[in-house]
2 protein chains.
Amino acid sequence: MPLFGRKKTEDAPVRPAWDPLPLPPPARPDGLRSLEDHRDYLLSCVQELPPFGQQLLDAVDLALCEEIVSPISLPGFDNTAMDGYAVRAQDVAAATPEAPIRLPVVGEVAAGQAAPHKLSPGTAMKIMTGAPIPVGADAIVAYESTDRGAADVEIYVPSEVGQHIRRTGEDVAAGQRVFRDGDQLDPRSIGLLAAIGRDKVLVRPRPRVVVVATGSELVEPGRELPSEFQIYDSNSYLLAAAARAAGAQVYRVGMVSDDPDRVRELINDQLIRADLILTTGGVSQGDYDVVKAVMPELGATEFVQVAMQPGKPQGFGLIGGERIPMIMLPGNPVSAFVSFEAFARPVIRKLMGVTPHTRAPVRARATHAMGSTMSRRQLARGIVTHDDDGNRLVSLAGGHGSHLIGNLARANALVVLPEETDLVAAGEQVEVWLLSEGL
Amino acid sequence: MPLFGRKKTEDAPVRPAWDPLPLPPPARPDGLRSLEDHRDYLLSCVQELPPFGQQLLDAVDLALCEEIVSPISLPGFDNTAMDGYAVRAQDVAAATPEAPIRLPVVGEVAAGQAAPHKLSPGTAMKIMTGAPIPVGADAIVAYESTDRGAADVEIYVPSEVGQHIRRTGEDVAAGQRVFRDGDQLDPRSIGLLAAIGRDKVLVRPRPRVVVVATGSELVEPGRELPSEFQIYDSNSYLLAAAARAAGAQVYRVGMVSDDPDRVRELINDQLIRADLILTTGGVSQGDYDVVKAVMPELGATEFVQVAMQPGKPQGFGLIGGERIPMIMLPGNPVSAFVSFEAFARPVIRKLMGVTPHTRAPVRARATHAMGSTMSRRQLARGIVTHDDDGNRLVSLAGGHGSHLIGNLARANALVVLPEETDLVAAGEQVEVWLLSEGL
């Protein structure tokens, strides 16, 4: 489309001498780069974000940047696992329901408190779960094995030494390492960190990811389409949601027209708050491929053909003086999503310091024959189900077309067909990347 | 411990006549309730939260409360899948690399725009990916099959009618239902909703879950332990993190002492912002079991023994005039977490309107013998790994003690041993609930 912006090409400022990108991997004989080579190259170009201190509850899913050594033992002191009576085991050794042992109750210990005094032989002390074992006691008789007496208690069963006693440090010893640098925290980790007294931890933050879709034909959802040949911007929503699901803090900037000035201005504005910029569109062979045209002015970039389908045209850059990573994805929604999974999600996970960077592939049995293109990695949209024995089956969610976002929404997996395959027979095992939990 | 608060018992306000809880299920002959009976009872006592309109990007993971019918077709018009030239297939039928067909280029169509005019026979029109097919054209020749000419173009291969043309509605037809009421939205759903022009959807909100730990022995993490017999509050962190991971919006209130007045006041204060209240501690047989003592004043409650280990003492209530559900979990951290998984997580998911409410159990092979208690469902902490063939193995993460939060943090699964089992032999298949993704 015609460009109405001021033309800055003639009097643009002298282009700074950007440090070049790291040396990319060599191309295959056919001039393409393999998916793994491109992914590993991108991963080699980005570093984990620097750590920062975070409140414990906000650290779930984040990666620790410190080794955690417990300063205390868990339990911190010998304590009782039951509500009952602290006794000396030898005093109740002869107890039976028919001939109970009766002991005077000489005090009481609640959780959080010290026993009022030492337990003398031939006495019992009432004790609540979690309360410290009185000096002199070596067993706990649970309420259920007594008459729950107040002044005296009748005890109906013998107790072994140590019965119902939780020993100091039997769970965690003081000085024990409980987490390694790099461990990703889950709710149970958060519980343990609180138990050893931590309210803050040093973790890598959520990467701030700016998402931009380019294309003059794009219209913001919720508005009327101004003309019958425009379309709604789905890419920026799709990628923003996917980046958030991958753990990022997302700024969805939405879409920008194909005007080079507007793209340049927008990217320059966003650099300050981005740890990663994702764009879609404008990286192919077309006359209006604005991202490909503009971004080399703003940083060190490369545009490359990757041996995959969809997702062949890919761009990458380290933009501006801060060398902010930018992944320039193709504009078709399915190509954009597949490329996100192949390249952007691993990069987001590397920035977060969580491993593995890639989804662990699993195997599933093809329910029907699947065609593929030789010498391209096919990433088809699949629907994974299970047979009666719990084994995974996979079928394709419609055609290969990279515009089929309806099919993409029906899919729950990507079916990864290798380069050297043009046909997978029904019943063969194929590799799949699961996109939903519980599959 | 002694209670220093004002005693209100004598002159408490007249207890309102709370509507009773729905009829609970009958107990088993041993007086206990089965895990499933208790879970299903709790689920029957809560309703899905009422729907509200949400911005699209904030609706990820939430359940739709409307059926979504696409108002438009996808694609919305016939358009080109490639950058190239729009032609009549019959005009290029004879094209070969040796004898290319040369056609005059009579115009250009960019994405988002209408073609400038009808395509006349014997001409070509330059066209960019996504642009509408000009009237009169019936095939697209990709750039790669041409000399990319501007005034004239040489075409080297024939094209079939329809080649590289995406047809109106081939992905989604106008009027087609694309989502059902109750569907849980994932990033790919968000992309499709944007593509059909939706920027807001009607969904069930994230439940507001208030988490309170009770116990005078508890100390806030990050502070010094004031005495050697106090412990850090780990439960409220553990449950807050778990509830958030389950999809809730969490208010961690932290811990409150065993003073009935303070518990009463705190719960009354929290009711206004809670869709669910989770408490831990104070529901057992001890003398200071304050939750059990106080909550019947504030709503309809029941305290029950469930045939599970850990997690036997359980409380539930519908509190205050608004009948806010409250799940009163036991106070040992492992008991609290296991009970959360068994009862609170399904309730949170029901409030959200997402299904299934429970974790889908999977099978794993025991790597060693596992003892269990007859007539109790054992929920042991397990570590799931995989053998070389990808089959799941499970071992226990240490002992059964319900205070072993260090072991809990090492576990990635719960091993569910049935009531009728006292020993699982090494090599037997057992049921596990997976607590981490990708297992």
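1. B:Arg323 is partly exposed, with a relative accessible area of 27%; here buried means under 20% relative accessible area, exposed over 50%, and partly exposed in between (1.4 Å probe, protein chains only). The residue lies in the loop between S19 and strand S20 (324-329) of chain B; helices (H or I, at least four residues) and strands (E, at least two) are DSSP runs, numbered from the N terminus. Although B:Arg323 is not a glycine, its phi is positive, at about 50°.

2. This is a predicted model, in which local features need pLDDT of at least 70 and side-chain atom pairs count only at pLDDT 80 or more, whereas totals for chains, interfaces and linings use all residues. Residues are numbered from 1 along each chain as its sequence is written, chains are lettered from A and ligands numbered from 1 in the order in which they are written, and side-chain values use heavy atoms, with hydrogens and water left out.

3. B:Ser375, which is not a glycine, has a positive phi near 65°. B:Ser375 is found in the loop between strand S22 (370-371) and S23 of chain B, and counts as partly exposed at 34% relative accessibility.

4. One joins A:Leu74 and A:Pro75, with omega about -10°; A:Pro75 is in the loop between strand S2 (68-69) and strand S3 (79-80) of chain A. The other runs from B:Gln309 to B:Pro310, with omega near -5°, and B:Pro310 is placed in the loop between strand S18 (308-309) and strand S19 (313-319) of chain B.

5. The interface comes next. Chain A and chain B each bring 80 residues to the contact, where contact means heavy atoms within 4.5 Å. About 6,000 Å² is buried between chain A and chain B, and carbon and sulfur atoms give 62% of that area; buried area is the accessible area (1.4 Å probe) that two parts lose on being put together, summed over both. In chain A, the residues that lose the most area to chain B are A:Leu57, A:Arg188 and A:Phe229, together 13% of what that side buries.

6. Across this interface the rule finds 20 residue pairs in polar contact, both residues at pLDDT 80 or more. A polar contact is a pair of N or O atoms within 3.5 Å; within protein, one must be able to donate a hydrogen and the other to accept it, and residues adjacent in sequence count only if both atoms are side-chain atoms. On the side of chain A that touches chain B, the elements giving two or more residues are helix H2 (187-195), strand S14 (231-232), helix H3 (235-245) and helix H7 (405-410) of chain A. H2(A) gives the most, with 8 residues.

7. The rule also finds 2 salt bridges across the interface of chain A and chain B, a salt bridge being a side-chain nitrogen of Lys or Arg within 4 Å of a carboxyl oxygen of Asp or Glu. One of them pairs B:Asp58 with A:Arg244, the closest N and O atoms being 3.4 Å apart. B:Asp58 counts as partly exposed at 38% relative accessibility, and A:Arg244 likewise counts as partly exposed at 35%. Helix H3 of chain A is largely enclosed by the rest of the structure, since 9 of its 11 residues are buried.

8. Over all chains the count comes to 41 salt bridges. Among them, A:Arg377 pairs with A:Glu36, the closest N and O atoms being 2.8 Å apart. This pair links distant parts of the chain, 341 residues apart: A:Arg377 is in strand S23 (residues 377-386) of chain A and A:Glu36 in helix H1 (residues 35-45) of chain A. A:Arg377 is buried, at 11% relative accessible area, while A:Glu36 counts as partly exposed at 28% relative accessibility. In chain B, B:Arg28, B:Asp30, B:Glu36, B:Arg377 and B:Glu419 are linked in a network of salt bridges.

9. B:Arg381 is buried yet has no salt bridge, and the nearest side chain of opposite charge, A:Asp171, is 9.3 Å away (Lys and Arg count as positive and Asp and Glu as negative; His and the chain ends are not counted). A polar atom of the B:Arg381 side chain does lie 2.6 Å from the backbone oxygen of B:Leu379.
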